[in-house]
Amino acid sequence: MSTTFLPCGEYHQNYRKDHAWWQTKFIKGKMVLMMLVLFIGIPSVADPYWLSVCNQIGYTALGALGVQLLIGFCGQVTLGHAAFLAVGAYTSTLMILEFPWPKVLMDLGLAYPISIFIAAIVAGIWCVLFGLPSAKVKGFYLILTTMAAQFITVDFVITQYISQIGGRGQAFSLPPGTIKIGPWVIDSDLKVYFMMIVLVILLTAAVVNLLRSRVGRAWVAIRDNDISAEVMGINVVQYKLFAFFVAGFIGGVAGAFWISNLAAISPEHFPWFWSLWLVGVILIGGVGSVHGTIFGSIFMVVVMELLQMAVIPLAASYPKLLMDFLFIKEAAFGLAICAFMIFEPNGLAYRWWQTKNYFNLWPFSY
Amino acid sequence: MKAKVLVVVFAIMVAVGVCSMASAAEVVVGALNDMTGATSDVGKDYALGVAEAINYCNDNGGVNGKPIKLIQFDYGYRVPEALTKYKLFQRMKAVAIEGWGTGDTEALAPTVTADKMPYVSASYSGHLADPKKTPYNLFAATDYSTNARATLTAWFDKRWPKHADFGKRKPRFACSYQASSPYASAPIKAIKDQATLLGFDIGPDQDVSLVAIDTKSQILAMKDFKPDVVWHGNTTMSVSATLRDAYALGLGADHIINLWGFDENLPRLAEKAAEGAMAATVNAFYGENTPMMPKVVEYAKKFNPGVPQEKRLSRTIQGWSNVLALWEAMKRADKAGDLTGEGILKKGFETMQEFDLGLGGAKLTYTSTDHRVSGKVPVYEYKDGKFQLVQVTDLKGRWPDKWQSWLGW
């Protein structure tokens with residue numbers, strides 16, 4: 001599925017060209033167009049509401065990217081990823097609020113960017129801790145050990161100890177102006193949007209690059225058959241733990257990014273349901289596809305918002321519909337997963353692949 | 001073919017929804033409620049109350065002739081959901097919002113301040129009562145911290161002197177609540193400060209989930225400390241489970257409860273274990289004799305006839321209180337020709353002095369320096385099958401030197 005056919009008449013004559021990011025001028029053109037849409041088109045037409053929807057898509061995509069890496073590429077099923085988002089968010093928040101930053105770093109607006117990086121490292125290491133059982137267990141048993149991450153991290157460590165720092169109990173306030181990158185104070189949906197786009201692009205590129213490397217091939221080998229992978233000389237435990245680290249790292253960035261969109265942070269922001277939701281995102285988007293992560297995130301956020309929009313006109317006649325929307329939403333989430341499992345188990349990414357190939361091979365698409 | 005028709009209908013509905021805006025003659029009010037989440041045991045009734053009260057306002061002229069359009073969403077107590085819904089309210093030109101939980105209300109507080117959006121919440125967190133920090137956060141009730149101090153003081157005044165150990169040792173006090181919930185933990189600092197002030201020994205907290213149905217391990221852990229009184233910070237379902245287990249395991253302590261854990265459902269769920277439980281109340285119970293109660297009952301019957309009257313709770317009244325307070329503020333602001341967020345705050349809420357909603361709650365006074373509506377808190381107990389007044393604790397009168405310093409706790 002990962003192979004995309006080149007447009008008719010395109011042939012590669014060396015490996016360098018075959019492995020190039022953008023293999024044809026047409027693809028390069030598409031990418032430039034996408035960047036223009038992302039950096040100029042959307043910000044100039046979207047109102048704060050739609051920008052907040054975009055930010056939610058970005059947050060979902062960043063969270064789901066780590067889940068995709070673990071489940072889709074390394075075969076390690078996880079149901080506790082919200083915990084690593086929480087670790088990232090709390091590490092970044094604590095560093096901003098409590099760490100005695102040198103004045104020069106504060107003046108340069110580097111505290112938040114540095115805190116994102118540290119948060120990612122901490123979340124990565126924390127994720128490795130909960131990945132350790134993967135050396136011994138897999139399948140359902142691994143699901144349970146990853147679920148433990150949620151309860152130990154959010155419900156115990158963060159709630160009982162981390163949240164108590166500073167004496168307020170539970171919610172850390174992030175006063176306006178706290179989140180700053182260089183001279184820019186991140187204080188509007190638009191600024192959060194730009195930050196989100198940059199992070200999503202950087203991390204997606206990083207993951208795609210990793211997957212093209214020896215590490216990525218080892219992960220895929222482990223996913224396909226861990227015993228065969230070991231026979232081939234892959235250090236299975238080491239690569240699994242590295243996958244947990246990278247997934248946690250990305251989760252940490254997602255959590256640290258999300259605080260830019262909040263004015264306060266509490267354990268309630270990271271419920272276990274969110275881990276389940278992220279798995280739903282990759283199931284709908286397509287397991288084993290980076291594109292799928294993005295498509296799944298867009299689907300899960302935008303479709304739910306559009307459903308909401310569809311309900312609004314009916315609310316004038318049936319006001320209770322608005323209140324009942326959450327039931328509709330939950331049902332739509334469950335229904336979407338069932339429908340994709342039955343009718344399109346490869347997810348939206350497979351549809352995208354089919355559509356793209358149809359046009360690439362046109363008019364000889366047989 | 002049918003699928004295509006459905007897609008077209010859906011697309012049209014989406015287009016209409018995306019383009020829908022308030023007409024000039026309408027005043028849009030957004031409402032975030034929890035009908036399905038962790039606090040839905042009390043949230044459902046509150047949401048019904050909000051909708052019924054808005055109907056009452058519209059039947060009585062709306063905002064000086066302009067009808068109020070209520071956009072009410074269930075967000076399932078999910079904070080990220082609340083953030084998006086807030087943006088949607090803004091997009092729909094809402095002039096004010098009726099909010100719900102402490103987590104999302106506190107998370108949105110700086111945003112509503114920056115947007116100058118009056119946010120009347122069902123979260124009565126004391127942290128939201130300081131206009132210096134959160135000028136646009138309001139509620140028509142005494143705050144959790146004030147209530148917690150008042151209830152502990154009432155227990156100290158009325159129950160402790162009757163205890164066999166009175167005069168021989170300090171009373172022992174412990175807290176039971178979901179530590180991860182900003183709602184449940186909001187008054188912890190205040191109630192422990194009050195316990196220290198009154199000379200209690202304070203035991204370790206017990207972490208009890210908002211959706212707990214079994215709390216035996218927490219009760220057993222509490223028994224080691226032998227508390228004389230336990231403060232419960234969760235909502236009714238969880239509190240009643242805790243009370244039942246405390247009764248079954250013979251904890252032997254009295255119970256004082258935050259107001260969202262103390263309503264008509266408590267004795268139904270906890271039965272004998274609820275006997276003697278105390279709490280500060282911010283309104284009358286459903287059906288009690290207050291000037292506005294006949295209207296509350298009339299509108300409940302009219303708009304939600306499917307919900308039996310005996311199932312309605314004091315949460316309905318809390319919904320009404322917040323709506324009526326906002327309605328009054330909007331009418332005053334509109335009369336002053338300034339129906340904006342700032343107008344609703346400055347020319348509406350902050351002009352109210354001892355304003356009585358007629359729902360059995362405290363008379364509302366908001367000033368530009370203090371959004372705590374009152375220093376006097378009625379404390380009730382459940383005794384002999386009914387809710388009875390224990391005392392009105394006058395915190396402001398009793399500790400005048402400390403009252404101001406307690407603002408924003």
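In chain B, helices α12(B) and α13(B) are roughly perpendicular to each other, because angles of 65 to 115 degrees fall in that class. The model is predicted. The angle between α12(B) and α13(B), residues 341–348, is about 100°, and their axes lie 8 Å apart. From α12(B), the contact takes Ala329(B), Met330(B), Arg332(B) and Ala333(B). From α13(B), it takes Gly343(B), Ile344(B), Lys347(B) and Gly348(B). By class, this contact holds four nonpolar, two polar and two charged residues.

Helix α4(A) spans residues 82–98, and α11(A) spans residues 236–258. These two helices, α4(A) and α11(A), are oblique to each other. The crossing of α4(A) past α11(A) is right-handed. On α4(A), the contact residues are Phe84(A), Leu85(A), Ala86(A), Val87(A), Gly88(A), Ala89(A) and Ser92(A). On α11(A), they include Gly248(A), Gly251(A), Gly252(A) and Gly255(A). Trp258(A) of α11(A) also takes part. The contact of α4(A) with α11(A) divides into nine nonpolar and six polar residues, with no charged ones.

Two packed helices are described by the angle between their axes and the distance between the axes. Both pairs are set out below.

| Helix pair | Angle | Axis distance |
|---|---|---|
| α12(B) and α13(B) | about 100° | 8 Å |
| α4(A) and α11(A) | about 50° | 6 Å |

Next, the domains of chain B. Domain 1 covers 21–142 + 286–373, and domain 2 covers 145–281 + 377–406. Their centres, taken over C-alpha atoms, are 27 Å apart. Domain 1 of chain B gives 18 residues to the contact, and domain 2 of chain B gives 19 residues. On the domain 1 side, α2, α4 (102–115) and α12 (314–335) of chain B each supply at least two residues. Helix α4(B) gives the most to that side, with three residues. The domain 1 side that touches domain 2 divides into four nonpolar, 10 polar and four charged residues.

Chain B also holds an open sheet. Its five strands follow the order β2-β1-β3-β4-β5 (chain B), with parallel pairing. Opposite Ala31(B) stands Glu98(B) in β3(B).

Strands β12(B), residues 376–383, and β13(B), residues 386–394, are joined by eight bridges. Val377(B) has Thr393(B) in β13(B) as its bridge partner. β12(B) and β13(B) form a hairpin with two residues between them. In the turn, Asp384(B) has a positive phi of about 50°.

Last comes the contact between the chains. Chain A contributes 31 residues and chain B contributes 40 residues. On the chain A side, the elements giving two or more residues are α3 (48–73), α7 (140–161), α13 (290–315) and α14 (320–343) of chain A. The chain A side that touches chain B has 20 nonpolar, eight polar and three charged residues.

Technical notes: Residues are numbered from 1 along each chain as its sequence is written. Chains are lettered from A and ligands numbered from 1 in the order in which they are written. This is a predicted model: local features need pLDDT of at least 70, side-chain atom pairs count only at pLDDT 80 or more; totals for chains, interfaces and linings use all residues. Two residues are in contact if their C-beta atoms, placed from the backbone, lie within 7 Å. Helices (H or I, at least four residues) and strands (E, at least two) are DSSP runs, numbered from the N terminus. Ala, Val, Leu, Ile, Met, Phe, Trp, Tyr, Cys and Pro count as nonpolar, Asp, Glu, Lys and Arg as charged, and the others, Gly among them, as polar. Two strands pair if DSSP finds at least two bridges between them. Domain bounds come from an automatic or database domain assignment. Axes are lines fitted to C-alpha atoms, for helices over the stretch in contact, and angles run from 0 to 180 degrees between N-to-C directions. Angles under 35 degrees count as roughly parallel, over 145 as roughly antiparallel, 65 to 115 as roughly perpendicular and the rest as oblique. A crossing is left-handed if the near helix is turned anticlockwise from the far one by less than a right angle, and right-handed if clockwise.
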